[in-house]
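My notes are below the display.

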Amino acid sequence: MLSHNHPSGTLHPSEPDKALTQKIKKAGELLDIKVLDHLILTPEGDYFSFADEGLL
């Protein structure tokens, strides 16, 4: 599981967020580590799930 916060409250992942997620996923595959999800969290308690949105 990966996670990071967006203090601005924006739930949508940026292009750098998407690119970094894919890089970490590929690195994990080399070590037989599966990335199950990447969450973006906001101060209000909302979240965005890469897995739920089909971005993993």
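**Ground rules.** I worked on a predicted model, in which local features need pLDDT of at least 70, side-chain atom pairs count only at pLDDT 80 or more, and totals for chains, interfaces and linings use all residues. Residues are numbered from 1 along each chain as its sequence is written, and side-chain values use heavy atoms, with hydrogens and water left out.

**Entry 1, the sheet.** I looked up the strand order and found an open sheet of 3 strands, E1-E2-E3, with mixed pairing. Strand E1 (2–5) and E3 are the edge strands, each pairing on one side only. From one strand to the next the twist averages 15°; angles here run from 0 to 180 degrees between N-to-C directions, with axes as lines fitted to C-alpha atoms. The elements are DSSP runs numbered from the N terminus, with helices (H or I) of at least four residues and strands (E) of at least two. Two strands count as paired if DSSP finds at least two bridges between them.

**Entry 2, E1 and E2.** I checked the direction of this pair: E1 and E2 run parallel and are joined by 4 bridges. His4 stands opposite Ile40 in E2, and Asn5 stands opposite Leu41 in E2. Between these strands the chain passes through H1, and the β-α-β crossover from E1 to E2 is right-handed (with the strands pointing away from the viewer, the path from the first strand over the helix to the second runs clockwise).

**Entry 3, E2 and E3.** I found 3 bridges here, with E2 and E3 pairing in the antiparallel sense. Leu39 stands opposite Ser49 in E3. The hairpin of E2 and E3 has 5 residues between the strands, and there Gly45 takes a positive phi near 95°.

How many salt bridges does a search of the whole structure find? I noted 1, taking a salt bridge as a side-chain nitrogen of Lys or Arg within 4 Å of a carboxyl oxygen of Asp or Glu. The side chains that meet are those of Lys18 and Glu15, at 3.4 Å, N to O. Lys18 and Glu15 are 3 residues apart in helix H1, so about one helical turn separates them. Glu15 is exposed at 55% relative accessible area, whereas Lys18 is partly exposed at 30% (buried is under 20%, exposed over 50%, partly exposed in between, with a 1.4 Å probe and protein chains only).

I looked for nonpolar surface and noted a patch of about 370 Å² made by Leu30, Leu31 and Ile33. Patch residues have over 30% relative accessible area and no salt bridge, with like charges joined within 9 Å and nonpolar side chains (Val, Leu, Ile, Met, Phe, Trp, Tyr) within 5 Å. Areas come from the Shrake-Rupley method with a 1.4 Å probe. Ile33 lies in the loop between H1 and strand E2 (38–41) and is partly exposed at 48% relative accessibility.

I placed Glu29 in helix H1 (residues 15–30), where Glu29 is partly exposed at 49% relative accessibility. Glu29 and Phe50 are 21 residues apart in sequence and 17 Å apart in space, C-alpha to C-alpha. Asp52 lies in the segment after strand E3 (47–49) and is exposed, at 58% relative accessible area.
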